[in-house]
Amino acid sequence: FSSVGAAMAALLSCLALASAVVEAKAWFGATPPKVDHTFHRRGWTSCALCGGAERLGATVEVGNLRELDAAGASTLLDAVRAHGVVVVKGQNLTRAQQVEFTAALGETVVLPSSFEGKDPEPFHPAIQRITNFWANGTWKGPTARFGAYWHQDGQFWQPPRHNILSILHAQETPPSGGETGFADLRAARHTLSAPLLARAANASIRTSVRQIADFAKGDEEDLAAFPDAEHPVLDAHWMDGGPLLYVGSPHMEVVGLETAEAGKALLTMLLMHATSPAFTYFHAWDVGDVLVWDNTQTLHHSFPYDNDGSAKRELYRTQARMRPAATKEEL
């Protein structure tokens, strides 16, 4: 019986180890959240765009965001850190209330007015309008698009100021389409092959605010206030130290390899890997949704909808710079 008992103990030990490995894989180096959250999923038969991300897209229950207290903000921030992107359902914030909510999460980011293009939100410089209608109510036309490629926000900021949260609030949505896709850069790093890890070890992305199409018409004085930024491709999360990929967008310059062409080839491979179905989550919007995501650990991408002027897609974006990291023991 002693040998049977020893065998059973060994089996239980192996099962416990396997469970721990599965748990570690599910978080891909992120410290798990203090509170468990459900995932926002529509089901394989209901989603027009379907992804298989294990970690992204949690629903966080913190009540009315107009009444968010410090404990609620802490729960939300912890969930974003652990899940990368979260949704708070059923909200109806004014522009001023969204700016106030943003300030509860970190330092509100306000870009120079010359970066805002032709459609600023009146009286609220921290708000960016993500919509197919101008502020005066007229349709922008069928070609109006914003962010229709995989990218991170804030890569033009020098470290550590690039640690940016984005907040997007839906006030009106089209009947179908218009999803926002997300890709998990922690999972992409965790599953990167040894040859690609070795190839990326000496690589960094270099970016200039002057290379960003949305800011193309910025004033020279405003552009000059943003020196070029460089980020290692193999990076670590500011809050919990978990490993991640930092790739910016397909438009980045990659330095540290033999040639610029070699850098571009590596970036293309990493983007293909990071945006594979296993790592993506596509958020289908409901009116009242508030999405909060961490740009350092996710890519995002807007997807098309039937934009013929008959339906509005009206979303409002703000951004908050993360506050200095807590110690890992506090997470």
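Analyst: A disulfide joins C47 to C50, with 1.8 Å from S to S. The model is a predicted one.

User: What makes the link of C47 to C50 a disulfide?

Analyst: The cut-off for a pair of cysteine sulfur atoms is 2.5 Å. The S to S value for C47 and C50 is 1.8 Å, so the pair counts as a disulfide. The structure holds one disulfide. The link of C47 and C50 is right-handed, with 105 degrees about the S-S bond.

User: Why is C50 called partly exposed?

Analyst: Buried means under 20% relative accessible area and exposed means over 50%, with partly exposed in between. C50 has 29% relative accessibility, so C50 counts as partly exposed.

User: How do you know whether E121 is buried or exposed?

Analyst: E121 has a relative accessible area of 13%. The limit for buried is under 20%, so E121 is buried. E121 sits in the loop between β4 (107-108) and β5 (128-131). Leaving aside residues up to four places away in sequence, E121 touches R95, I127, R129 and Y316.

User: Which label does F123 get, buried or exposed, and why?

Analyst: F123 is also placed in the loop between β4 and β5. Its relative accessibility is 80%. Exposed means over 50%, so F123 counts as exposed. Phi of F123 is near 75 degrees, a positive value in a residue other than glycine.

User: What is said of phi in F28, and why is F28 called buried?

Analyst: Phi of F28 is near 50 degrees, which is positive in a residue other than glycine. The relative accessible area of F28 is 3%. With buried set at under 20%, F28 is therefore buried. F28 is found in the loop between α1 (2-27) and β1 (38-39).

User: How do you know whether the radius of gyration of the protein chain agrees with that of a compact globule?

Analyst: For 331 residues, a compact globule would have a radius of gyration near 20 Å. The protein chain has 21 Å, so the value agrees. Along the principal axes, the C-alpha atoms fill a box of roughly 80 × 50 × 40 Å. Buried residues make up 49% of the 331 residues. The protein chain has seven helices and 16 strands.

Definitions and conventions: Residues are numbered from 1 along each chain as its sequence is written. This is a predicted model: local features need pLDDT of at least 70, side-chain atom pairs count only at pLDDT 80 or more; totals for chains, interfaces and linings use all residues. Side-chain values use heavy atoms; hydrogens and water are left out. Helices (H or I, at least four residues) and strands (E, at least two) are DSSP runs, numbered from the N terminus. The radius of gyration is taken over C-alpha atoms; the globule rule is 2.2 Å times the number of residues to the power 0.38. Buried means under 20% relative accessible area, exposed over 50%, partly exposed in between (1.4 Å probe, protein chains only). Contact means heavy atoms within 4.5 Å.
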